[in-house]
Amino acid sequence: MDTPGITSAAVLRLAAKAAPTTLAAATYAGEMGHPVVLGRDHWAGVVEAAVGDRGARPYLRAHRELVLLVPCDDVADGADLDTPPA
């Protein structure tokens, strides 16, 4: 796992925002991180934009005005270690 500091509290905070139209991302020190919520209305666009290990990042950046930013500094550590699987 490359985001070991993500807690169930952060996941629950984002999950509470879930709806078909939702684009939401946790933030840490104002920067987008994990977890994210990708409502089903965005799935086709996310799949189209996903390249390599970047996942939904290009889609989220292209639709930044739609992304609900959810501060999670108080419940999780957003460090992304990008460690390859063993």
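1. Arg64 sits in the loop between α3 and β3. Helices here are DSSP runs of H or I with at least four residues, strands are runs of E with at least two, and both are numbered from the N terminus. Arg64 is partly exposed, at 41% relative accessibility. The classes are: buried under 20% relative accessible area, exposed over 50%, partly exposed in between, with a 1.4 Å probe and protein chains only. Beyond its neighbours within four places in sequence, Arg64 is in contact with Met32 and Leu69. Contact means heavy atoms within 4.5 Å. Its C-alpha atom is separated by 8.9 Å from that of Leu23, 41 residues apart along the chain.

2. A word on provenance. The model is predicted: local features need pLDDT of at least 70, side-chain atom pairs count only at pLDDT 80 or more, and totals for chains, interfaces and linings use all residues. Residues are numbered from 1 along each chain as its sequence is written, and side-chain values use heavy atoms, with hydrogens and water left out.

3. Next, the packing. The largest nonpolar core has 9 residues: Ala10, Leu14, Ala24, Ala26, Tyr28, Val37, Val70, Cys72 and Ala76. Such a core is a set of buried Ala, Val, Leu, Ile, Met, Phe, Trp, Tyr and Cys residues joined through side-chain atoms within 4.5 Å. Two or more residues come from each of α1 (8-15) and β1 (23-28). The largest share, 3 residues, is from β1. Another core lies apart from this one, with 7 residues, among them Ala25, Val46, Ala56 and Val67.

4. Ala24 is one of the members of the largest core. Not counting residues up to four places away in sequence, Ala24 touches Leu14, Val36, Val37, Val67, Leu68 and Val70.

5. Thr22 lies in the loop between α1 and β1. Thr22 is buried, with a relative accessible area of 11%.

6. Now the pocket. The largest pocket holds about 490 Å³ of space. The search uses a 1 Å grid over the protein atoms alone; a pocket is an open set of points where a 1.4 Å probe fits, with protein on both sides within 12 Å along at least five of seven lines, and lining residues have an atom within 4 Å of a point. Grid points are joined across faces, edges and corners, and the volume is the space filled by probe spheres set on the points. There are 18 lining residues, and the closest to the pocket centre are Met32, Gly33, His34, Arg57 and Asp80.

7. Which elements each supply at least two residues of the lining of the largest pocket? They are β2 and α3 (57-62). β2 gives the most, with 5 residues. By class, the lining has 5 nonpolar, 4 polar and 9 charged residues. Ala, Val, Leu, Ile, Met, Phe, Trp, Tyr, Cys and Pro count as nonpolar, Asp, Glu, Lys and Arg as charged, and the others, Gly among them, as polar.

8. Gly33 belongs to strand β2 (residues 31-38). Gly33 is buried, at 16% relative accessible area. It touches Ala25, Ala26 and Tyr28, again not counting residues up to four places away in sequence. Gly33 and Ala79 are 46 residues apart in sequence, yet 8.2 Å apart in space, C-alpha to C-alpha.

9. Thr3 lies in the segment before α1. Thr3 counts as buried, at 11% relative accessibility. Leaving aside neighbours within four places in sequence, Thr3 is in contact with His34, Ala79 and Asp80.

10. The whole structure contains 1 salt bridge. The criterion is a side-chain nitrogen of Lys or Arg within 4 Å of a carboxyl oxygen of Asp or Glu. Asp74 pairs with Arg13, the closest N and O atoms being 2.7 Å apart. Asp74 lies in the segment after β3 (68-71) and Arg13 in helix α1, so the pair ties together parts 61 residues apart in sequence. Asp74 is exposed, at 60% relative accessible area, whereas Arg13 is partly exposed, at 27%.

11. Two backbone points to check. Most residues other than glycine have a negative phi, and most peptide bonds are trans. A cis peptide bond joins His34 and Pro35, with omega about 0°. Pro35 lies in strand β2. Ala29 has a positive phi of about 55° although it is not a glycine. Ala29 is in the loop between β1 and β2 and counts as exposed, at 69% relative accessibility.
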